[in-house]
Each structure stands twice: as C-alpha cells, then as structure tokens.
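This report describes the architecture and the charged side-chain pairs of a protein model. The sequence and the structure are shown first, and the description follows.

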Amino acid sequence: MKDITLGQYYPSDSFTHKMDARVKLVLVVAFIVAVFLAKNFLSYIAVAACVICATLVSRIPISKMLKSIKAIIMILIFTGILNLMFYNGETVYWSWWRFNVSLEGIIFSVKMVLRLVLLVMGTTLLTFTTTPTGITDGMESLMSPLKYIKVPVHDIAVIMSIALRFIPILSEEVDKIMMAQKARGASFDTGGLVSRAKALLPILIPLFVSAFRRADELALALDARCYNATPNRTRYQVMKFGWRDLAGVIGTAVFIVLVVALNNNFWGAYQSVEAAWWLFAV
Amino acid sequence: MQIKAENLNYVYSPKTPFEKTALDNVSFTVNEGDTLGIVGATGSGKSTLTRHLNALIRIQSGKIFLGDVDLSAKRVDLKEVRKKVGMLFQFPEYQLFADTVKKDVEFGPKNFGFGDKEAACAAEDALRSVGLDIKEIGDKSPFELSGGQMRRVAIAGVIASKPEVLVLDEPTAGLDPVGKREILSLVSELKKSFVKTVIIVSHNMDEIAEYCNRVIVLDNGKLIADTTPDELFNRSDVVDNTELDYPHTVKIKRMLSEFGFEIDSPALNVEALVSGILGRLKS
C-alpha cells in the first residue's frame, strides 16, 4: 500500500474533513469551472488563493500537496513545452523550422501549466479530505434524481465503492505476490523491455486468479447476507448540510465572483496600478 | 551457516499518520542446525522480521549477517542470498502462475541459474519429496489441482532450489489436521538432507513445542524472549503476559498438577506427555 498518493485519504479532523461529501463534490466542480473561467493572471491569483485557503483549512501538509503535483510533472513539462513551441504569437524571440517561441507563447504555456497545477491541487484536496466511501455516498446522493429515469444509481455507487475498496487490497496482494516470486529468484528491474514484460507474468497471473477468487467470495458474502438494492436503504452515517458546508459554499462563491470580476476589469481600476494592469492585460 | 541479526529496527510509512513501528531493536542469532520458532500476536512484527532474512525488505537500521554476508551492505548479491534462504509464504498456492506444474516448480531453480537438465532434475526431486509424481501431474495446469496438491506444488517450487535455510510463514494455515502433519514431517525430512536451518512462524503452539529447539517471542516489534520451548512453556510467565497460548500437552500437564499429579517431563509433545504420566504412575 505505497505510492498511490493521487487520491489517498489523509486522516485528520479538520474543518474540510468534517464537511458534507456532497457539498465538497459540488464545490470541486464549481472550482474546476472557476479554473477554466480564469483568463488573466489576476484571476489565476484569485484561484490560487482559493486553493491555498482550502489547503490551510484542511490542514494537509504542503509536502503532501506537492507530491500530488510530482505525479503529473511529466504532463506539465510536456504541455508547457508543446504550447511554448507551437503557439503562433507575434513577438517572436526564437524560431527554427516550425517551432516559434514568442512572448504570447510563453504567457500561454505558463497559464496552461498553472491551470493544470491548480486543477490537480484542488481535486486532490477532495480525495485527501474525503474517504472513498464518503465520495461514493456523496455521488450516489447527488445522482439520486436520475433514479426517476431508471438509472440504477445505487448499483453504480456500490460498484464504485467496491472498486475503490479493492484498490488497496489488490495493491497489497501485488506486494505479496512480488515478494513470493522474488524469493524464488525473480527480478523485475533487470533486462530489456521484453524480458521485463515477461517477468510480469508471474505477478499478473496470480493477481488475476486472486481477483476472481475474491470477487466470487464477495458475491457469496453479499448473497449470504441477503444484500439487495431495495429502494429505501437507510445509512449508518447520515449526511447533513451544516454550518461548515454553508461557510464552504460562501467562501467558494466569493472566490468565483472574484475570478469573474478580475476577468472583466469591472471597476476599471487596474489602469492606475501599472503591475496590476500588466497582469490583467496578458 | 549462522544467521545473526543485530539491533534491527523497521518503521512502516515513516513520518506520516500511518507510521507504524514493526521492529524495535531486535537482535538474535540462529545457529546452523537450529529449528527456530517465531511466535507473537498478529501485527507483532513476525512477517517483517522474516522478510528481512532474504533481503525482501531493505534494512532500515541494524545489521543482519548470513554467514559472512552482510545484508546491510550497499551491494548484496540478492540471487545468492535468496537461493540460500528459501521462503515459503502464507498460502503459497497463491503464487502459482505457470501453465504446467513442472514449469512452475522449475521457475526458482532456473532463476538461480540451474541449467535445463539440472532444473528438471531438481523439480522432479522436489515434487517427489512433497509426495507428488512428476509423470502424473507434471504437465497438468497447477490450477486444475486440488487445494492440498496446489500447496504441495508451491512448496516444491521453493525447495527445488535447495535452500540451506528454509523460512516458513504459517506453513500449516488453512490445512486439515492430516495436511498439517504431512507438511511438518516433510520439513523434518528436509532437515535431514540439504536444509540446515529451519525458521517457522506460527500461531500454533503445539507445532512450535513439538518441532522447534528454540523460540523467540515478539511483542509489538520488541523481542521479549529468546529461549527454548521447554523454558518458555514450563518455566516462564511470558505466555501469560502476551496474547499467546500454551500447547495442549502443557495445558494437560498443568491441569494434572492442579490435582496434585506432578509430571517432570516437559510435555512438549504427546509422547513425552504420555511417558511422563506413565513414569509417574509406575513410581
């Protein structure tokens, strides 16, 4: 159970951890919209401020947050470089064959990278502060209107929560199988591509066998307890919209309004401050 | 080959909320010829400890010597170490993968550099010693076999590479009484040939009492006893202070002594208990 930081729950009892999962889901969606709404650097600053505030109230260590960015570092570099090279700007600094590096290109790629970083940070905050069960319960509750058009919402939620529940179990299983095969002299990090791929067979086959076995056992266990998706199942933990949720909604709303306002120069005040005007204009 | 562990410490997920100390300053020595039992409650660090012995887990702090090989050194010949120290995991049948039994058993030997012929010989020997005939099941898929046969094939897969030290992690878990006995007598048999040292992790005190000449007890990652079964079960209070239990034979001996019927045999197996009772009756 190591190194699956992207979406691993970080136990704590902070403000955000105690919020209603449904509200957090909606707020994350709103946050994503806000990220895509942001046009200039001033509004990006507002979005970044939103992420920083949210991180502070959820008391997730900065190192944890940075780790989630590390996971997408290759994507960031790739996007950055592609946008830098292929953007058709006017102020060209350097060009070779089809590649042009321009002022506009630099600004654009910085914005793209910033956007990705903010997106990942905002969304991992959700998974850091909400248990997988919380997320699926929240999804189920949010999707429940779909029941009226015969969408099996509850079944989908159960499938999701089982899938999530099994990620750590299977990863532990992989660990065990790897150890058993290593003890028999297998090595997974030597040789060329083909021999490495071949070396994975002694892990994959037992893993699949055990996944099927577990699925069978789980199905039997569900059956044995007469599990079925009756229309009105009650819950052990009832979700409630509390003061924290109201505060979260208001806070996020403020940031979104700020983003929109900064996008549009509503007060026409930036011109007076040169730096602000520059951030707005680009 | 002597195995020596000095001041081993191991912490899982250090510096996170999931931090857990698995081993806390553990030192012990296993001499060639020993059958060492490792006992302790679930989560006391037994598995972590055994996985150190063939370098499946990197040492965080402390030292382990296998003969003169230092496992905490920067460069360790892992194949050499793992060939010398064979390890049988809990429910080893879950590690089977090849399309035939023969190939699965040959997997270990081939990894350790046996030639085709040597590996085939080793597989045949190993299957024979677990009571299976290579001619009969060698070309079958391991997944066609019964549960008991699968476990035996898996054991054959470990002993085929002829390890000097055999580490068994709950080898009898989930087996019927006859199966348990068969596995343990197989281990005793192996100890007469190439296996020099056996280390057994078990929750079953009867097995520990009967088969081991030494026991170490782990409790929350600390080594709290390093002694003989006789000492542990007959002359110390370690068992009472942990989540462990006494072997059945020792329990009977204790009950009898409550009725004033003292036996001076250590009663670590049924024969010893019976002869103790008979001796007392004669005198």
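This is a predicted model: local features need pLDDT of at least 70, side-chain atom pairs count only at pLDDT 80 or more; totals for chains, interfaces and linings use all residues.

## Salt bridges in the model

A salt bridge is counted here when a side-chain nitrogen of Lys or Arg lies within 4 Å of a carboxyl oxygen of Asp or Glu. By this rule, the count over all chains is 20 salt bridges.

## A pair between two chains

One of these salt bridges is formed by the side chains of A:Arg184 and B:Asp104, with an N to O distance of 3.2 Å. A:Arg184 belongs to the loop between helix H7 (153-183) and helix H8 (193-224) of chain A, whereas B:Asp104 is part of helix H3 (residues 101-111) of chain B, so the pair joins two chains. Are the two residues buried or exposed? Both A:Arg184 and B:Asp104 are buried.

## Pairs within chain B

B:Arg128 and B:Glu124 also form a salt bridge through their side chains, at 3.8 Å from N to O. Both residues are located in helix H4 (residues 116-129) of chain B, where they are four residues apart, about one turn of the helix. B:Arg128 has a relative accessible area of 53% and is therefore exposed, while B:Glu124, at 33% relative accessibility, counts as partly exposed.

## The six-stranded sheet of chain B

Chain B contains an open sheet of six strands with mixed pairing, in the order E6-E7-E8-E3-E9-E10. Which strands stand at the edges of this sheet? They are strand E6 (85-88) and strand E10 (222-227) of chain B; each has a single partner strand, so one side of each is left without a neighbour in the sheet. Direction ignored, neighbouring strands of the sheet are turned by 15° against each other on average.

In general, strands of a sheet pair through backbone hydrogen bonds, either parallel or antiparallel. E6(B) and strand E7 (residues 165-169) of chain B run parallel and are joined by four bridges. B:Leu88 has B:Leu168 in E7(B) as its bridge partner. Helix H6 (residues 147-159) of chain B packs on the sheet and touches E6 and E7 of chain B. The direction of helix H6 makes about 165° with that of E6(B).

## Overall form of chain B

The secondary structure of chain B comprises 11 helices and 10 strands. For its 283 residues the globule rule gives 19 Å, and the radius of gyration of chain B is close to this value at 20 Å, so the chain is as compact as a globular protein of that length. Taken along the principal axes, the box filled by the C-alpha atoms of chain B is roughly 65 × 50 × 35 Å.

Of the 283 residues of chain B, 49% count as buried. The chain exposes about 13300 Å², of which carbon and sulfur atoms supply 51%. Among the contacts in chain B between residues at least 6 apart in sequence, 62% join residues at least 24 apart.

Key:
Residues are numbered from 1 along each chain as its sequence is written. Chains are lettered from A and ligands numbered from 1 in the order in which they are written. Side-chain values use heavy atoms; hydrogens and water are left out. Two strands pair if DSSP finds at least two bridges between them. Axes are lines fitted to C-alpha atoms, for helices over the stretch in contact, and angles run from 0 to 180 degrees between N-to-C directions. Contact means heavy atoms within 4.5 Å. The radius of gyration is taken over C-alpha atoms; the globule rule is 2.2 Å times the number of residues to the power 0.38. Buried means under 20% relative accessible area, exposed over 50%, partly exposed in between (1.4 Å probe, protein chains only). Accessible areas come from the Shrake-Rupley method with a 1.4 Å probe; for residues, only the protein chains shown count as cover.
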